[in-house]
Amino acid sequence: MNAESSVPTAAGAVGVARPRVEGRAKVTGGARYSADEPVPGLAFGAVVVSTITRGRVLDIDVAAVQDMPGVLGVIDHRNAPRLNPEAGHFFGPDGGLRLLQDDVIPHAGRPIALVVGETPEQAYAAAQALPVVYDVRPHDTEFFFGHPAGRPASALFDGPVDVGDVDAELAASAVVVDERYGTPEEHCSAMEPHSATAWWEGERLQAVDSNQGPYQIAVTLATLFCLPPERVRIRVEHVGGGFGSKGMCGPQLILAVMAATRFGRPVRVTLTRDQVFLATAQRPATDQVIRIGADADGRLRAIDHVAAFELSPLAEYIEGCTELTKTLYAAPAIRTRLTAVPLDILPPYSMRAPGAAPGSFALESAMDELAERLEMDPLELRLRNEPVVGPVSGLPFSSRNLVACLRQGARRFGWADRDHRPRMRREGSLLVGTGLAATSFSTGAFPSTASITAEPDGTFTVVVAATDLGTGARTALTAIAADALEVGVEKIGLRISDSDLGPAWSAGGSRGTASWAWAITEAAAKMRGPERPATVTADTAHLLGELPSRERHAYSAVFAEVTVDPATSEVRVRRLLGLFAVGRVINPLMARSQVIGGMVGGLSMALHEEGVRDPVSGRHVNPDFAGYHIAAHADVPDIEAEFVPDHEPGLPMGVKGAGEIGNVGTAAAIANAVWHATGVRQRQLPIRLDRVLED
Amino acid sequence: MKEFAYQRASGISEALRLAAGNDDVRYLGGGTNLVDLMKAGVESPTRLVDVRFLPLDGIRQVPGGGLEIGATTTNSDLAAHPEVRRRYPALSQAVLAGASGQLRNMATVAGNLLQRTRCSYFADPSQPCNKRAPGSGCSAIAGAHHNHAVLSWSPHCVATNPSDMAVALAAFDAVVRYETLDGAGDIPLEEFYLPVGDTPERETALPPGALITAVRLPESAISPLSRYRKVRERASYAFATVSIAADLDIRDGVVRSSRIALGGVASRPWRARTAESLLLDGPATADRFRTAAEAELAAAEPLPGNAYKVTLARNLIVAVLTDLAASPY
């Protein structure tokens, strides 16, 4: 296939709304999640986590629980298998993976022991009873811009840029916005807790695990335990949400492998709800300052975006808050800098729309503030600054349909009638406001392999190590394979969710479908070639390099209407509308469901989500769904999503990612609507009622 | 989870005998709070005496016009009862403002009265908490206390009572009825929850081993226009930041009587007696409501993280009383 393909025209399965292929199994309880897999001779591990934020383990009194009913034993730093310090992930070696290797406690909630028992209840009872003595050391979990430990963030991506003369352009601007925005620690909060079951079959390590990419995690696990990759197999049939927290080799898997190795039988480790909060990846807090200068007609002269985020000394990470700033609007001068502040916290990792979600909150709030000061329609301000090429990169856009999203959304939402002055609309005692945000999320593909076998009965077995997090990947890939092979979906037998199926990218970075679809279409092209082989395998690694450099992004415009009760300061979202340009839509039913889910995530980010730490102990105060709020049904009364025609020429089927774009703009749209309702800016998320309350 | 004995009581006297003389016994109603606490290791009873199937459910008329609500009546049945909705609508509204449909179907009236605070330090056995482990200290006072008490707390505990139902019961002068092996007794709801003092672990005035049998609502409190309003961070499935149960009796523009109780501000439902007495026989105006609210809240001692609750409680009192005053009589 050419790197820049033409728009596919054949009518087929792609573009047709179809329910999930596994839908019936899920609603009837037949679908097996990781903790459901029946395994004979299973033992259960219960994790013990640190109740201090920094220090050392002085003693773990194993003898005190060894004789409790059903207890098989305890693994801690004194008897755990040694792990390879080179093991890591995208950002390099990760000390967060090196569990039970020494007595050091780098953060609260760090796993420090695993109690293994015959039943989950017995293991859990002993874990609760296990006496641990700590040497408590002073800790620092207090994040803020300008923290003395701050240092330039890794420049693996979202590195600093400085185009044009920002200072001169700001000085020449008629209006300058200079404001600071903050977002708190946030947790992925997937419904399904992380669970892994591990056992040895001869020389081969087998595991069933809740994760976003079995192949990549098998590679990490093999490195961690110093095994050749072919001796590790990981399966993951159904996943109850990941949101980034299952993108890595999780503590449940590492500890289950340790226990299976030590006790010579299958061991299942399922995190408790609080352990999911304490020990699996979170979004770091961010603290951002944005300066935007514009002429009186609204044309931008400069954007200066500096952002700080927290991380752990154990692992590198980038919360790329400034990425959008480099591509969303035309401005002759753009400068960005990212600062990382190492603190005594769990290593943060990618959580839904990493970087873009907090970054767009800051950028799109600042744009709204600029419109306010210019006394201009915020929609018009955005239209006026539409770039022709990447404002920093100078590269052409592969396809850019933000304007269509904005215009179509504005029509549908009734934006034209809006009085742009704040605090002008009341319904009964309630203040009513509307707001919008524009946004983008980068799109692309990572190397993957896929195989196709033509079966004697005329069907095709399509094999790719993809994962379906509940988004409908199975259903989408089935349609893609059917069209690529020019057969009906009933002829496709899809196998996914197994590291043995070959190298593949994970369900993450909004690149799952694009990466897997590319491998499938390549394999299908070979299958349909003149030699008509019975089995083909394709690897896209070499093709990715041939893709021309372009600005490749999905786009959206999000419109929100909120009410604020001036007496109680309760903020409720009454309407949310998102217009999306996500390339070709594979399955409108599931794509809509996914972007609406993303918008609900953005709503939760705007109003609810906040990981709270005790200011004295540094420990999490709300590691459960009672304390860590996400939107309930009553919080999302009217939410709609539509897609504008769009096509990504560089990727097969013209797809872009739909995984994260739904999330990105929503928080700013809501914050802007709250300003429009009340006249007061909300620059710190979440928009809690105490922050809105008027005396 | 520690092993425990489970026994289903066949009658009140058997339940009382099974619980007698043993601090480690708990009565089990719907279990919607107790079982969670047992899983978390906060409660570890040696025996559960299941009283859910005792003949203590149902709501019946009391001579004179009041209602008696059986202890094991579910929250759902309480909220849906036509006479509760007609005579004490704020009670029905309060119950419906709490938890979820599934929980309300399980939870009992007595269990609701005895539910424990949702202070996160209380719920985590690895944290100091005087209510759970007397003498270990209060983590919330110097810690995260955004949703904690502003009235009548002590240096030993700053937790709030989480019940919505109890706030309405406080406004309606409810009386809690109980049985012990030594006989029956009554406690007015306003005296049911003990002051925090230096014993936050002692939450109610119930004698040891007592079993709540009913809650009685007096005829004098019938308030067909009463209202419950719950302020919370999300639209459902959240405990109150501040809540209010209120009723006003206005004739010719003058307040003849009022009932005001607040939730989310103290270790117990807070009957706003100061505000009520200030409003009595005065004009029903927003200014007066505000003056009364401020007088009530003058005793508030907020912590740095929850001072907003004082403003919020004041605003809420004024808003709800203003609404009530504007309602057609």
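Helices (H or I, at least four residues) and strands (E, at least two) are DSSP runs, numbered from the N terminus. This is a predicted model, in which local features need pLDDT of at least 70 and side-chain atom pairs count only at pLDDT 80 or more, while totals for chains, interfaces and linings use all residues. Residues are numbered from 1 along each chain as its sequence is written, chains are lettered from A and ligands numbered from 1 in the order in which they are written, and side-chain values use heavy atoms, with hydrogens and water left out.

**Stop 1: chain A.** Select chain A. Its secondary structure comes to 17 helices and 30 strands. The C-alpha atoms fill a box of roughly 75 × 70 × 50 Å along the principal axes.

**Stop 2: a salt bridge.** Select A:Arg474 and A:Glu22. They form a salt bridge, with the closest N and O atoms 3.8 Å apart. A:Arg474 sits in helix H11 (residues 473-485) of chain A, and A:Glu22 in the segment before helix H1 (23-27), 452 residues apart. The structure holds 79 salt bridges over all chains (a side-chain nitrogen of Lys or Arg within 4 Å of a carboxyl oxygen of Asp or Glu).

Stop 3: The whole structure has 5 cavities of 30 Å³ or more. A cavity is a set of points on a 1 Å grid over the protein atoms alone where a 1.4 Å probe fits but cannot get out; lining residues have an atom within 4 Å of a point. Volume is the space filled by probe spheres set on the points, which are joined across faces, edges and corners. The largest cavity has about 190 Å³. Of its 18 lining residues, select the closest to the centre: A:Gly96, A:Pro251, A:Ala279, A:Thr280 and A:Leu346.

**Stop 4: chain B.** Chain B has 13 helices and 12 strands. Its C-alpha trace spans about 60 × 50 × 35 Å along the principal axes.

**Stop 5: the second largest cavity.** Its volume is about 70 Å³. Of the 16 lining residues, B:Cys119, B:Cys129, B:Cys138, B:Cys157 and B:Ala159 lie nearest its centre.

**Stop 6: a surface patch.** Select B:Phe4, B:Tyr6 and B:Phe53. They make a nonpolar surface patch of about 310 Å². Patch residues have over 30% relative accessible area and no salt bridge; like charges are joined within 9 Å, nonpolar side chains (Val, Leu, Ile, Met, Phe, Trp, Tyr) within 5 Å. Areas come from the Shrake-Rupley method with a 1.4 Å probe, and for residues only the protein chains shown count as cover. B:Phe53 lies in the loop between strand E3 (47-50) and strand E4 (59-61) of chain B.

Technical notes. On a 1 Å grid over the protein atoms alone, a cavity is a set of points where a 1.4 Å probe fits but cannot get out, and a pocket is an open set with protein on both sides within 12 Å along at least five of seven lines; lining residues have an atom within 4 Å of a point.
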